[in-house]
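Here's a quick briefing to read with the model open on your screen.

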Amino acid sequence: MAPSNRDPTNSRHVAVIGAGAAGLVAARELRREGHSVVVLERGSQIGGVWAYTSQVEPDPLSLDPTRPVVHSSLYKSLRTNIPRECMGFTDFPFATRPHDGSRDPRRHPGHSEVLAYLRDFAKEFDIEEMIRFDTEVVKAEQVADEEISGKWRVESRSSDAVAEEIYDAVVVCNGHYTEPRHALVSGIDSWPGKQIHSHNYRVPDPFKDQVVIVIGSSASGVDICRDIAKVAKEVHVSSRSTSSETYEKLPGYDNLWLHPTIENAREDGSVVFQNGKTVYADTIMHCTGYKYYFPFLDTKGEVTVDDNRVGPLYKHVFPPALAPGLSFIGLPWQITPFPMFELQSKWVAAVLSGRVSLPSQDEMMEDTKAFYDKLEASGIPKRYTHLMPDDSQFEYDNWLADQCDYPRIEKWREEMFYIGFKRIYAQSATYRDNWDDDHLIVEAYDDFVKFMS
Ligand code: FAD
């Protein structure tokens, strides 16, 4: 598809960091708006998190800052937790295509189907020609030189060279599921068992006949405890969102129990839960999420990560003091990511060309501060700044769409997301294969017709 070029005088030279779903769609939208785009990707293929690898890091907790980093955190059995119809980009349906004999047609397909979809997307829009693979950004900072003030210096490293280049803008799309967060467990330093973070979990085999404690009961915890329960002697899930007395066997399993948080771990190998139960475990698996991490970014303190709040950022995208030259795509979570990445990218592209204006720096700061004050007044910790619960994600998506004069999110997509999200917790073991929203699938495919040839 030919790139569009609106007005060459408004074209900017833009570096996109990362070629995952966010970087791919950012590159497409920036080029559509007439910008010249270079995508710098440290891996050797597109897809980011969706490029599954059996490789893991040598340090199972990923604590060593000098360790060789493995980007993807996917486990072998992973199937999407969002139905494919609502997961895809708005104008490139993640549909089950009739001619796809070799592909995974399931509604919640395995990870390789998502990678195949992203490859189709990259091919359809000729995105690979903008990507430099095996090229890691090691530094991005605003230049000090007055003559080119406002521009960005990007230093990157590939196998044979270190390059320094000047760009008008940098769009950060480096993902946030690679740098683990760990649970703080009293007594853990003298507990003799093994510990691992889900970032380094791939297959259940190493846990055969073991007693395993899984800390965390959100998306990864829900999947991994069941994956391991197939081979382990016992699996005990510790959840902080259950009452302190909880002690129940999870339906469909003889060896899988739910507990509240851990009280402490002891030298004799025992782990005591808040409900008073004691378990002698071989392994503790931390399914406790990830940290935002931008080791390459030097903003002279204008953007910080404080208790997992990346800020200050106007609408989760632009730091007021550095806008529009620096932007972030893909920070929000508990969302349907691809459509949001697409809308954020359209906004960034339009702001960079001047087609859409941002408020003044002071106004953006005030808006951002008002948002943080609101979170604080509601008792929401900083680490949930980019969590978008309930209907806030679609309000946000629609705000972005309005900025860019693009159609709002389809009603069927919103409804499908809510229904699907509730199903994850109500039918954790079966939600991917049992559903009752066929009417929404029909609506989705009616909509898809206009994008599918
Ligand atoms: P990533 O996919 O992480 O891509 C970032 C890219 O940046 C990578 O290619 C990386 O190599 C590159 N990079 C990083 N640092 C540098 C650097 N310094 N220089 C150059 N390149 C760099 N989403 C869904 O929609 N549905 C699901 O079912 C779903 N399940 C998930 C399950 C798990 C276990 C996880 C971890 C995530 C899941 N997600 C799911 C969320 C998923 O992360 C997003 O869908 C999306 O793929 C994130 O894309 P991204 O481009 O922001 O980041």
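Pro324 sits in the loop between strand 21 and strand 22, and the bond joining Ala323 to Pro324 is a cis peptide, with omega at about 0°. Keep in mind that this is a predicted model.

**Cis peptides**

- Pro312 is also found in the loop between strand 21 (309–311) and strand 22 (326–328).
- Gly311 and Pro312 are joined by a cis peptide bond too, again with omega of about 0°.
- For background, most peptide bonds are trans, and most residues other than glycine have a negative phi.

**Positive phi**

- Asp307 has a phi near 50°, which is positive even though the residue is not a glycine.
- You'll find Asp307 in the loop between strand 20 (304–306) and strand 21.
- Asp307 counts as exposed because it has 10 C-beta neighbours inside 10 Å, and the cut-off for exposed is 12 or fewer.
- Asp134 is another non-glycine residue with a positive phi, near 50°.
- Look for Asp134 in the loop between strand 3 (131–132) and strand 4.
- Asp134 has 14 C-beta neighbours inside 10 Å, so it counts as partly exposed.

**The ligand shell**

- How many residues surround the ligand? There are 33, and the closest are Gly18, Gly20, Gly48, Thr80 and Gly175.
- Helix 1 (21–32), strand 4 (136–142) and helix 5 (337–353) each put at least two residues into the shell around the ligand.
- Helix 1 is the biggest giver here, with three residues in the shell.
- By residue type, the shell splits into 17 nonpolar, 13 polar and three charged.

- Six strands make an open sheet with mixed pairing, in the order 9-17-10-11-13-12.
- Strand 9 (residues 194–197) pairs with strand 17 (residues 283–286) in the parallel sense, over four bridges.
- Within that pairing, Ile196 has Met285 of strand 17 as its bridge partner.
- Strand 10 (residues 211–215) pairs with strand 17 in the parallel sense as well, over four bridges.
- Here Ile215 stands opposite His286 in strand 17.
- In a regular strand the side chains alternate between the two faces of the sheet.
- Helix 4 (residues 219–229) lies across strand 10, strand 11 (234–238), strand 13 (256–259) and strand 17.
- The angle between helix 4 and strand 11 is about 165°.

**A helix pair**

- Two packed helices are described by the angle between their axes and the distance between the axes.
- Helix 8 (residues 411–426) packs on helix 9 (residues 438–448) at an angle of about 145°, and their axes are 9 Å apart.
- The crossing of helix 8 past helix 9 is left-handed.
- Trp412, Glu415 and Met416 of helix 8 meet Leu440, Glu443 and Ala444 of helix 9.
- That contact between helix 8 and helix 9 is made up of four nonpolar residues, two charged and no polar.

Definitions and conventions. Residues are numbered from 1 along each chain as its sequence is written. This is a predicted model: local features need pLDDT of at least 70, side-chain atom pairs count only at pLDDT 80 or more; totals for chains, interfaces and linings use all residues. Two strands pair if DSSP finds at least two bridges between them. Two residues are in contact if their C-beta atoms, placed from the backbone, lie within 7 Å. Axes are lines fitted to C-alpha atoms, for helices over the stretch in contact, and angles run from 0 to 180 degrees between N-to-C directions. A residue is near a molecule or strand if its C-beta atom, placed from the backbone, lies within 6 Å of it. Ala, Val, Leu, Ile, Met, Phe, Trp, Tyr, Cys and Pro count as nonpolar, Asp, Glu, Lys and Arg as charged, and the others, Gly among them, as polar. A residue is buried if 20 or more other C-beta atoms lie within 10 Å of its own, exposed if 12 or fewer, and partly exposed in between; C-beta atoms are placed from the backbone. A crossing is left-handed if the near helix is turned anticlockwise from the far one by less than a right angle, and right-handed if clockwise.
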